[in-house]
Amino acid sequence: MSTPMRASYFEEFGELDQIKTGTLERPEAGEGEVLVRVRAAGVNPVDAAVARGMLQQAIPAKFPAVPGWDLAGEVKERGHAARRFDEGDEVYAYARRPTVQHGTFAEYVALPECYLARRPQTITMTEAGGIPLVGLTAYQALFLAGDLSEGDTLLILGASGGVGTLAIQLAKTAGATVIGVAGKHNQAYMKELGADETIDYAAGNVGEAIRAAVREDIDFIFHCSRGDSLDQSIDTLKSGGQLVSITNSQPGVRDDIRFEYVFVEPNARQLKHLQELVDENSIKIPVSKTFGLEDTGKAIREIESLHTRGKTVITP
Ligand SMILES: NC(=O)c1ccc[n+]([C@@H]2O[C@H](COP(=O)([O-])OP(=O)(O)OC[C@H]3O[C@@H](n4cnc5c(N)ncnc54)[C@H](OP(=O)(O)O)[C@@H]3O)[C@@H](O)[C@H]2O)c1
């Protein structure tokens with residue numbers, strides 16, 4: 001006998017106003033899986049790309065498709081042989097599956113338990129739901145694709161959004177000097193997160209602003225924005241320096257630097273590390289806006305603007 005749940009979903013790829021909220025069948029925990037009651041689900045620009053069908057070659061969908069890859073919530077049921085968590089445990093996850101079908105913008109999601117880690121306890125469930133995708137992206141970009149080290153000067157292009165918010169703080173824990181680039185209204189925000197210098201990309205040439213702010217060449221550029229900030233600043237990167245992008249897999253820039261493109265991977269072990277950093281007060285996650293499930297389409301439209309601050313979270 002099927003059990004109903006509320007969920008947001010789309011029945012074909014296309015415009016975001018096709019995303020509706022209604023009743024779908026609650027998934028069941030299969031072998032090695034747990035059923036999680038979703039309490040918070042971070043919204044990310046990729047959710048718009050998924051609903052528009054822009055990723056369908058790499059990650060196909062089965063309709064009706066529930067979007068959403070971030071979650072924090074409680075374990076409700078355990079499937080056969082799923083024994084890492086108990087019912088009631090509070091967990092979080094980056095739940096990108098091979099197919100878009102059972103996402104996290106729903107009351108319940110069933111997931112292999114290997115996706116899950118215990119959520120940080122010193123922050124709210126809503127805040128925890130905003131961490132996984134952006135936290136893993138920043139971590140994998142700075143420390144796995146790149147090799148950010150103590151004393152490095154790091155330039156973050158797009159430092160006030162979800163990924164940038166985590167990247168500033170992770171870089172400070174590693175002992176780097178951070179230059180954050182974002183709009184005028186986010187300069188104080190980036191400083192509060194720990195940025196040593198901040199630059200407004202609309203106030204003039206970003207490269208010239210970097211030259212005015214720091215004397216030495218940059219060791220590492222983390223590229224998490226659109227626009228022409230990278231073109232304007234690439235000459236400030238030292239020869240042999242590192243460029244890691246999450247927005248452009250082929251930036252076509254200088255050949256005397258090390259370039260990596262990152263597409264974030266689920267990783268529960270790294271989520272545990274992030275949980276420890278949050279609980280020891282090294283990282284916070286400012287949630288700028290929350291939406292109910294019925295406003296999922298609106299939330300995704302807002303995040304698609306690429307001008308929201310910190311995280312936007314849906315609370316199903
Ligand atoms: N490859 C991956 O695995 C991966 C993972 C996560 C995200 N992403 C992509 O990475 C990007 C950032 O993600 P996010 O979640 O952090 O997005 P977000 O929260 O929307 O943040 C966007 C950031 O870019 C800044 N920005 C906007 N226009 C800019 C410009 N012309 N020059 C410099 N900065 C500019 C924004 O600042 P203002 O608001 O002040 O304008 C903000 O700081 C998105 O394109 C997303 O799709 C990729």
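1. Start with the ligand: a backbone N or O atom of Ile246 lies 3.0 Å from one of its nitrogen atoms. Gly162 also puts a backbone N or O atom 2.9 Å from a ligand oxygen. From the side chain of His307, an N or O atom is 2.6 Å from an oxygen atom of the ligand. (A polar contact here is a pair of N or O atoms within 3.5 Å.) Taken alone, the ligand exposes 930 Å², and the protein buries 92% of that (Shrake-Rupley method, 1.4 Å probe).

2. A word on the basis: this is a predicted model, where local features need pLDDT of at least 70, side-chain atom pairs count only at pLDDT 80 or more, and totals for chains, interfaces and linings use all residues. Residues are numbered from 1 along each chain as its sequence is written, and side-chain values use heavy atoms, with hydrogens and water left out.

3. Who is around the ligand? There are 28 residues, and Ser160, Gly183, Tyr201, Val262 and His307 come nearest (a residue is near if one of its heavy atoms lies within 4 Å). The shell splits into 13 nonpolar, 14 polar and one charged, with Gly counted as polar and Tyr as nonpolar.

4. Helix H3 (132–145) and helix H4 (162–173) are the elements giving two or more residues to that shell. Helices are DSSP runs of H or I with at least four residues, strands are E runs of at least two.

5. Why does the ligand lie between two domains? Because domain 1 (4–131 + 285–314) and domain 2 (134–261) both give residues to the shell around it; the bounds come from an automatic or database domain assignment.

6. Two backbone spots to look at. The peptide bond from Phe63 to Pro64 is cis, with omega near -5°, and Pro64 is found in strand E4 (residues 61–66). Asn281 has a positive phi, near 75°, though it isn't a glycine; this residue lies in the loop between helix H8 (268–279) and strand E16 (287–291). For context, most residues other than glycine have a negative phi, and most peptide bonds are trans.

Key:
Polar contact = N/O pair within 3.5 Å; in protein donor to acceptor, adjacent residues only side chain to side chain.
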